[in-house]
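Subject: The structure for you to look at

Hi there,

Here is the structure I promised to pass on. Please open it beside this email and follow along as you read.

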Amino acid sequence: MDVRRADERYPGGDAAAGIVSRHAFSFGPHYDPGNLRFGALIACNEERLAPGAGFDEHPHSHTEIVTWVVEGELTHRDSAGHETLVRAGDVQRLSSAGGVRHVERNDGPVPLTFVQMWLAPREPGGDPSYEIVRGIADSTPYAVPEAGAMLHVRRLAAGERTAVPDAAYVYVHAVRGTVLLDGEELDAGDAARITDAKGLDAVAVTAAELLLWEMS
């Protein structure tokens, strides 16, 4: 298990424009050949947008983009004609496939915080697609078969225990609160990369929310 702390993330964004980004993997000008991916996961970005701030239209291709809103509301628009307001508890996936463009903004009156995760598909190309699942439940994993991955959302009360999936690769991102994972304490923004996970549990020290990627 490889634990990466929140303060180890690469800084990004544009604070003057109301955008603060923190990248878990090699990203943009922060090129790190030793930190390009884990399993299918190639990015896990924490994004904070001030009211009125956002990312202008930009392209993506050959990437599965999964977004989890922590606080606020995210306005999504893409070149395939989708326009959606994504709220806390929703899972949004944009499969960029052979190519798509999108806009992400905070059109609301309060700050927006979201986690965006990029996965490499097993096969490149194809047609872009879009999906949003409203208010996903803890007991309903979200599958991204194109990348051989499954997202588990776990919301825990203090003292509650949850099983970590047994898998070749498991990525655990602490969204909020504090959990104890195999003797390691994870706070908000911390992450653990686990290879050949088997028989592991996470125990909430405080009320907590976790995103767990199960990857083959």
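Thr75 is buried, because its relative accessibility of 8% falls under the 20% cut-off. Please keep in mind that this is a predicted model. You will find Thr75 in strand E7, which covers residues 73–78. Its side chain makes a polar contact of 3.1 Å with the side chain of Asp107. If you set aside the neighbours within four places in sequence, the residues in contact with Thr75 are Thr84, Leu85, Val103, Glu104, Arg105 and Asp107.

In soluble globular proteins, nonpolar side chains tend to be buried together. Here the largest nonpolar core has 26 residues, and those that touch the most other members are Trp68, Met117, Tyr171 and Trp213. Several strands give two or more residues to this core, among them E4 (41–49), E6 (64–71), E11 (112–119), E16 (167–176) and E21 (208–215). There is also a second, separate core of 19 residues, including Val3, Val170, Val172 and Leu210.

Now to the charged side chains. Side chains of opposite charge can pair when their charged atoms come close.

- Asp190 and Arg5 meet through their side chains at 2.9 Å, N to O. They are 185 residues apart: Asp190 is in the loop between strands E18 (184–186) and E19 (191–197), and Arg5 is in the loop between strands E1 (2–4) and E2 (10–14). Asp190 is buried at 5% relative accessible area, whereas Arg5 is partly exposed at 26%.
- Arg101 pairs with Glu57, with the closest N and O atoms 3.0 Å apart. Arg101 is partly exposed at 35% relative accessibility, and Glu57 is partly exposed at 46%.
- Glu146 pairs with Arg93, with the closest N and O atoms 4.0 Å apart. Glu146 sits in the loop between E13 and E14, while Arg93 belongs to strand E9 (residues 91–95), 53 residues away. Glu146 is partly exposed at 33%, but Arg93 is buried at 8%. Salt bridges with shared partners join Glu64, Arg93, Glu131 and Glu146 into one network.

Why does the pair of Phe25 and Tyr171 count as tilted? The ring centres are 5.8 Å apart and the planes are at 35°, so the pair is tilted. Phe25 lies in the loop between strand E3 (19–23) and E4, and Tyr171 lies in strand E16, 146 residues apart. Phe25 is buried at 0% relative accessibility, and Tyr171 is buried at 1%. You have met Tyr171 already, as one of the residues that touch the most other members of the largest core.

The rings of Phe38 and Tyr169 have centres 5.3 Å apart and planes at 90°, so this pair is edge-to-face. Phe38 is in the loop between E3 and E4, and Tyr169 is in strand E16, 131 residues apart. Phe38 is buried at 10% relative accessibility, whereas Tyr169 is partly exposed at 32%.

Happy exploring!

Technical notes: Residues are numbered from 1 along each chain as its sequence is written. This is a predicted model: local features need pLDDT of at least 70, side-chain atom pairs count only at pLDDT 80 or more; totals for chains, interfaces and linings use all residues. Side-chain values use heavy atoms; hydrogens and water are left out. Helices (H or I, at least four residues) and strands (E, at least two) are DSSP runs, numbered from the N terminus. Buried means under 20% relative accessible area, exposed over 50%, partly exposed in between (1.4 Å probe, protein chains only). A polar contact is a pair of N or O atoms within 3.5 Å; within protein, one must be able to donate a hydrogen and the other to accept it, and residues adjacent in sequence count only if both atoms are side-chain atoms. Contact means heavy atoms within 4.5 Å. A nonpolar core is a set of buried Ala, Val, Leu, Ile, Met, Phe, Trp, Tyr and Cys residues joined through side-chain atoms within 4.5 Å. Rings of Phe, Tyr and Trp (its six-membered ring) pair if their centres lie within 6.5 Å; planes under 30 degrees apart count as stacked, over 60 as edge-to-face and the rest as tilted.
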